[in-house]
Amino acid sequence: MLICMHLMCTCRAKDVYHNNTNKNKLVWVPREDTCFGTDLRASICVCLQYLVDKGFAAPQVKDSKHTISNGLAWSADKKTLYYIDSIPGAIYVFEYDDITGCISNKKTLFDTTKLDVGFPDGMAIDTLGRLWVAGYFSSAVHCFDPTCPSEPPVSVPIPGARCITSCCFGGKNLDELYVTSARKDDLDGENAGKLFRVTGIDATGTLSQCYAG
C-alpha cells in the first residue's frame with residue numbers, strides 16, 4: 001500500500017453558536033433526518049447527542065452526559081451507530097433502529113487512551129466497515145476495525161499538522177481521504193490549518209446521506 005499525501009489548501013473555520021451551543025460534526029443519518037453533537041463549552045462541559053426530524057422540529061435528546069461530541073458513522077445495514085466522545089477518548093457503539101431513529105445498548109468499542117492516537121475527533125467509515133478517525137494531537141488519521149477491537153489501528157501520518165480534526169472519502173471512486181486540520185499556534189506544525197488529500201489508502205468510502213427535508 002503506497003500512501004501519498006497532497007496539500008490542498010489553507011482553511012479557516014469559524015464556530016457557529018446558537019442558544020449557547022456549538023454544533024459539531026453535523027451528519028445526515030440513514031433515515032434522512034439529522035444527527036449532531038453539541039459542545040456546550042460550559043465550565044462543566046456537558047454534551048448532548050441530538051436527533052432532529054425532517055422539517056427542523058425541536059431536537060430530541062438521544063444520549064447525554066458526554067464532553068465533546070465528535071465523529072458519527074453508521075454501518076451499511078443501518079443497524080449500528082458509532083460515536084466519538086473526545087475527552088475520555090471513547091469510540092462508542094450503539095444499536096440503531098432505522099425506523100424510529102432510537103439508539104440503545106451503548107458500549108465502549110475502543111478506549112483510545114490506551115493507544116498513541118491523540119484525542120479522537122472526526123470520523124468516516126469505509127465499505128468494509130472500518131472507522132477512519134482523525135487524531136487530534138497525533139498528526140495522523142487512524143483506521144480502526146470494529147470486527148477486531150483488540151487490534152491496534154493502522155495510522156496514516158499527516159506530516160506538519162499536529163491537530164487533525166476530521167476526514168471524509170472523496171474522489172471519483174471514493175478512494176481518496178480528505179483530511180482537515182486545525183491551527184492554534186506555531187507548535188501545531190508548518191501545515192497546520194490546511195486541507196490534505198491522501199491517496200493510496202487501499203480503502204473505499206460510501207456516498208454521504210442527503211437530507212430529505
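Predicted model: local features only at pLDDT ≥ 70, side-chain atom pairs only at ≥ 80, totals over all residues.
Which side chain meets that of R197 in a salt bridge? The partner is E176, at 3.3 Å from N to O, where a salt bridge is a side-chain nitrogen of Lys or Arg within 4 Å of a carboxyl oxygen of Asp or Glu. R197 lies in strand β17 and E176 in strand β16, so the pair ties together parts that are 21 residues apart in sequence; strands (E, at least two residues) are DSSP runs, numbered from the N terminus. E176 is buried at 16% relative accessibility, while R197 is partly exposed at 22% (buried means under 20% relative accessible area, exposed over 50%, partly exposed in between, with a 1.4 Å probe and protein chains only).

Residues are numbered from 1 along each chain as its sequence is written, and side-chain values use heavy atoms, with hydrogens and water left out.

In total, the structure holds 3 salt bridges. Another of them joins D188 and R162 (2.7 Å, N to O). D188 sits in the loop between β16 and β17, and R162 in the loop between β14 and β15, so this pair links parts 26 residues apart in sequence. D188 is buried, with a relative accessible area of 2%, whereas R162 is partly exposed at 29%. R130 and D126 also meet in a salt bridge, at 2.7 Å from N to O.

Strand β15 (residues 163–170) is largely enclosed by the rest of the structure, because 7 of its 8 residues are buried.

Note on methods
Helix = DSSP H or I, 4+ residues; strand = E, 2+ residues; numbered from the N terminus.
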